[in-house]
Amino acid sequence: MTVSAPAPEDALRWGILGAARIAEHFVGPALARSPHAAVRAVASRRPEAARRLAEAVGASRVHSDYQALLDDPDVDAVYIALPNALHAPWTLAALVAGKHVLCEKPLTTTPHDAEAIRSAAREAGRVVAEAFMYRVHPQFAAFVERIRAGAVGEVRSVEAALSFVLEDPADIRMSDELGGGALLDLGCYIADAANLVYDGLPVAGSAVSHRGDSGVDLHTCAVLDYGRGRTAQLSASFLLPWHDSRLVVRGDKGSLSLDHCFNPGTGEGRLTLLTADGHRELTTYAGVDMYELMVDRFVHMVSGRGESYVTLDDSVGVQQALALLTAPRTDR
């Protein structure tokens with residue numbers, strides 16, 4: 001059980017919407033450990049799970065109604081760990097209530113909803129950030145810096161795969177109505193990284209998906225076209241076991257890869273540069289708690305003391321990229 005240390009008076013006061021596994025085992029404990037955060041309340045439609053999470057993170061109140069938590073005057077910011085299809089409506093509701101929002105990925109399931117959140121956040125003057133925790137890891141910061149410095153030359157190819165076996169038909173990620181599917185749940189990471197590497201959005205895309213009985217894609221392989229011969233290849237799967245979450249960027253002078261980009265855990269990070277003449281350079285990075293780093297970065301975004309680790313323009317871009325892969329195909 002997580003034991004939270006006493007928070008300072010100026011700590012950002014949090015509420016958690018949803019008692020999902022990600023909240024119970026990762027982000028909730030990170031909030032409890034952070035010296036910049038204090039969890040005041042938890043809301044879930046599963047009372048037992050809510051009480052267990054509240055006890056673990058040191059929250060004094062449990063709500064069975066999400067709106068009740070948003071109306072709580074003792075809450076400044078909310079972390080949303082609800083099913084994907086509920087991210088947009090409850091993020092918008094939180095903004096109406098005057099709360100800052102850290103929302104699990106994907107922020108939305110459509111570009112329209114992402115754009116609506118961007119507009120609402122600007123109008124409310126509140127911070128909304130998608131929980132792309134991999135972005136705050138030192139290995140990823142170094143990865144992007146090396147690319148920007150020209151380590152691989154002109155980038156032509158981004159390649160990544162992310163997978164784990166999901167067999168429970170009752171899992172919310174198996175529900176089309178709740179925004180399930182491998183492309184949304186896993187592919188959003190890869191689309192985000194590709195947009196960042198190319199510093200732009202794809203102009204076209206094509207995907208092949210295998211769908212299960214519930215209608216969600218269980219396995220999707222796709223290519224995004226960023227123009228001028230630049231591509232991103234992604235594989236997102238609920239059928240393949242998790243072995244790595246490798247990201248590889250190839251340019252005309254070499255390649256740069258992270259063995260475990262999107263899900264490195266707290267183990268050692270490994271960045272490999274391979275030059276065109278065959279020289280190999282390995283750089284390692286000490287393990288970190290990405291979730292705690294993300295919480296701290298979010299708090300600094302709210303206070304204005306730090307730069308954004310992700311923007312709502314980034315989140316809109318992810319949905320625009322994924323929409324190219326889910327749009328109906330037409331004959332040409």
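Reader: Quick one to start. Which residue in β10 is the bridge partner of Leu-224?

Author: Ala-232 is the bridge partner of Leu-224 in β10. This is a predicted model, where local features need pLDDT of at least 70, side-chain atom pairs count only at pLDDT 80 or more, and totals for chains, interfaces and linings use all residues. Residues are numbered from 1 along each chain as its sequence is written, and side-chain values use heavy atoms, with hydrogens and water left out.

Reader: How many bridges between β9 and β10, and in what sense do they pair?

Author: Seven bridges, antiparallel; β10 spans residues 231–237. Pairing requires that DSSP finds at least two bridges between the strands. Strands (E, at least two residues) and helices (H or I, at least four) are DSSP runs, numbered from the N terminus.

Reader: And which residue has positive phi in that hairpin?

Author: Gly-227, with phi near 80°. Five residues lie between the strands.

Reader: What about β8 with β9?

Author: Antiparallel too, over eight bridges, with β8 at 204–211 and β9 at 217–225. Val-208 faces Cys-221 in β9. This hairpin also has five residues between its strands, and Gly-215 in the turn has a positive phi of about 100°.

Reader: Moving on. Where is Ala-276?

Author: In the loop between β13 and β14. Those strands, residues 269–275 and 280–285, run antiparallel and are joined by six bridges. Leu-273 has Glu-281 as its bridge partner in β14. Gly-278 takes a positive phi near 95° in this hairpin, which has four residues between the strands.

Reader: Is Ala-276 buried or exposed?

Author: Exposed, at 68% relative accessible area. Exposed means over 50%, buried under 20%, partly exposed in between, using a 1.4 Å probe and protein chains only.

Reader: What is Ala-276 in contact with, leaving aside neighbours within four places in sequence?

Author: Lys-253 and Gly-254. Contact means heavy atoms within 4.5 Å. The C-alpha atoms of Ala-276 and Asp-252 are 7.7 Å apart, with 24 residues separating them along the chain.

Reader: Now helices. At what angle do α1 and α2 pack?

Author: About 35°, with axes 9 Å apart; α1 is residues 21–33 and α2 is 47–57. Axes are lines fitted to C-alpha atoms, for helices over the stretch in contact, and angles run from 0 to 180 degrees between N-to-C directions.

Reader: Which residues of α1 and α2 make the contact?

Author: Ala-23, Glu-24, Gly-28, Pro-29 and Ala-32 from α1, and Arg-52, Leu-53, Ala-56 and Val-57 from α2.
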